[in-house]
Amino acid sequence: MSLIYAAVMGFLTLRMIGVRGGAVLGLDNSLAAIATPRPGVLESVTMTVVSCVVLGLLVFAARRRPVADQFAFRLGFATATLAQLVVSSIMQVTTYTFLRGPDDEFTLWWAGWLLKIGINPAAYLTLAVSLFLVVISARLLSAQKNAVTANASPTGHRA
């Protein structure tokens with residue numbers, strides 16, 4: 001889920017960069033046409049909706065599963081997203097030059113989408129919320145284990 005989220009958010013980030021500069025990009029991230037620059041409101045709203053859907057899945061999709069499964073699902077998403085953001089951010093920093101700003105070359109297809117996730121603030125907010133959910137799940141799991149331990153009698157049988 002994290003890889004799909006990062007690719008979609010990177011795709012939308014590239015589209016936003018393009019429309020703000022007056023470029024219409026194809027699916028392969030190449031220049032397809034030149035248009036009048038616009039603020040990219042549609043792209044912003046779409047990124048918000050995608051992030052809300054992912055957070056909804058993190059909160060509600062595993063809700064009927066055991067707490068350990070919820071913890072694993074949320075931890076997996078947070079870990080994979082963090083790794084993608086770190087790699088993307090490092091690549092963004094290394095391709096930045098002081099003479100011309102960020103690298104003007106867009107990597108083709110999905111690699112370009114995953115590269116641009118590192119400059120998307122919504123992705124960082126989604127990561128922060130997912131980490132919060134990991135902490136909540138870990139606390140619930142710990143409380144659940146403590147309750148099971150407290151219910152056990154000295155002989156090893158439950159009361």
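## Residue V41

V41 is exposed, its relative accessible area being 52%, where exposed means over 50%, buried under 20% and partly exposed in between, computed with a 1.4 Å probe on protein chains only. V41 belongs to helix α2, residues 41–61, and its C-alpha atom is separated by 8.4 Å from that of M16, 25 residues apart along the chain. Helices (H or I, at least four residues) and strands (E, at least two) are DSSP runs, numbered from the N terminus.

This is a predicted model, in which local features need pLDDT of at least 70 and side-chain atom pairs count only at pLDDT 80 or more, while totals for chains, interfaces and linings use all residues. Residues are numbered from 1 along each chain as its sequence is written, and side-chain values use heavy atoms, with hydrogens and water left out.

Strands β1 (residues 23–25) and β2 (residues 31–34) run antiparallel and are joined by three bridges; strands pair if DSSP finds at least two bridges between them. A23 has I34 in β2 as its bridge partner.

Five residues lie between the two strands of this hairpin. N29, in the loop between β1 and β2, is buried at 3% relative accessibility and has a positive phi of about 70° although it is not a glycine. Most residues other than glycine have a negative phi.

## The nonpolar core

The largest nonpolar core has 23 residues, and Y5, L58 and I117 have the most contacts inside it; such a core is a set of buried Ala, Val, Leu, Ile, Met, Phe, Trp, Tyr and Cys residues joined through side-chain atoms within 4.5 Å. The largest share of this core, seven residues, comes from α1.
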